[in-house]
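Here is a short briefing on one protein chain. Look at the fold first, then at the details below.

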Amino acid sequence: MMKLPPFDVFPVLQSEKVVLREVSDADIPLLLDVLTYDGKTAETLDEGVAIISKIRRDYQAGNAVNWLIEEAGTGELAGLVGYFRGFENGTGELGCILKAAYRGKGFMFPSLNLTARFGMEEMKLNQVIALTKPENDKAIALLSRNGFQQQEGLTEGYLKFVYLPE
């Protein structure tokens, strides 16, 4: 039986490199450059607050679960990772974004690994997927290293990857 959000206690996921936790109101000003909803990135604090409100509503409705990516040890905020667009047919779509200063420094690998495993093992999803643009070589390599396998063809102009852990 699937365990979809909202959870009794918001799940905190952790590795040696990252802590994935719920976004707090205090985090919003530090995340403006990566707070995006429906393709629109926050430009002001009010827009950031509105985006987090939408993300929280989606979580409470059982349609999403998003984590803040925090550097383990320092508590520095690196970005966001999570499931969005609902869980139709037991499928969760992962998405992620890092602040520019944290790109290429090994934060996304453990973040995707933790959330994909959580989706399969704890949420009992049938499938975890990720979509990326065909020209996004770094994302393609990251997904491949994390146990995602590319599917044939394009989905609305995006490559589709399915999580198939060994």
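Predicted model: local features only at pLDDT ≥ 70, side-chain atom pairs only at ≥ 80, totals over all residues.

**Fold and overall dimensions**

Along the sequence, the protein follows the pattern β-β-α-β-β-α-β-β-β-α-β-α-β-β. That pattern comprises four helices and ten strands. Residues are numbered from 1 along each chain as its sequence is written, and side-chain values use heavy atoms, with hydrogens and water left out.

- The radius of gyration is 15 Å, which agrees with the value near 15 Å for a compact globule of 166 residues. It is taken over C-alpha atoms, and the globule rule is 2.2 Å times the number of residues to the power 0.38.
- The C-alpha trace spans about 40 × 35 × 35 Å along its principal axes.
- Of the 166 residues, 44% are buried. Buried means under 20% relative accessible area, exposed over 50%, and partly exposed in between (1.4 Å probe, protein chains only).
- Among contacts with a separation of 6 or more, 54% join residues 24 or more positions apart. A contact means heavy atoms within 4.5 Å.

**Strand pairing around E8**

- Strand E7 (residues 91-98) and strand E8 (residues 127-132) run parallel, joined by four bridges. Two strands pair if DSSP finds at least two bridges between them.
- Thr 91 has Gln 127 in E8 as its bridge partner.
- E7, helix H3 (residues 108-121) and E8 form a right-handed β-α-β unit. Right-handed means that, with the strands pointing away from the viewer, the path from the first strand over the helix to the second runs clockwise.
- E8 also pairs with strand E10 (residues 158-163), in the antiparallel sense and over four bridges.
- Ile 129 stands opposite Val 162 in E10.

**Aromatic rings**

- There are nine aromatic pairs. Rings of Phe, Tyr and Trp (its six-membered ring) pair if their centres lie within 6.5 Å; planes under 30 degrees apart count as stacked, over 60 as edge-to-face and the rest as tilted.
- Trp 67 and Phe 118 are edge-to-face, because their ring centres are 5.7 Å apart and their planes lie at 85°.
- Trp 67 is in strand E5 and Phe 118 in helix H3, so this pair ties together parts 51 residues apart in sequence.
- Both Trp 67 and Phe 118 are buried.
- Tyr 102 and Phe 107 are also edge-to-face, with centres 5.2 Å apart and planes at 85°. Tyr 102 and Phe 107 are both buried.
- One aromatic cluster is formed by Phe 7, Phe 10, Tyr 59, Trp 67, Tyr 83, Phe 87 and Phe 118.
- Over the ring of Phe 107 sits the charged end of Lys 17, 4.4 Å from the ring centre. The rule asks for NZ of Lys or CZ of Arg within 6 Å of the ring centre and within 35 degrees of the ring normal.

**Two buried residues**

- Glu 70 lies in strand E5 (residues 65-71). Its relative accessibility is 14%, so Glu 70 counts as buried.
- Beyond neighbours within four places in sequence, Glu 70 contacts Lys 17, Val 18, Val 19, Arg 21, Gly 75, Glu 76 and Leu 77.
- Ser 111 lies in helix H3. At 0% relative accessibility, Ser 111 counts as buried.
- Not counting residues up to four places away in sequence, Ser 111 touches Val 18, Leu 20, Ile 69 and Val 81.
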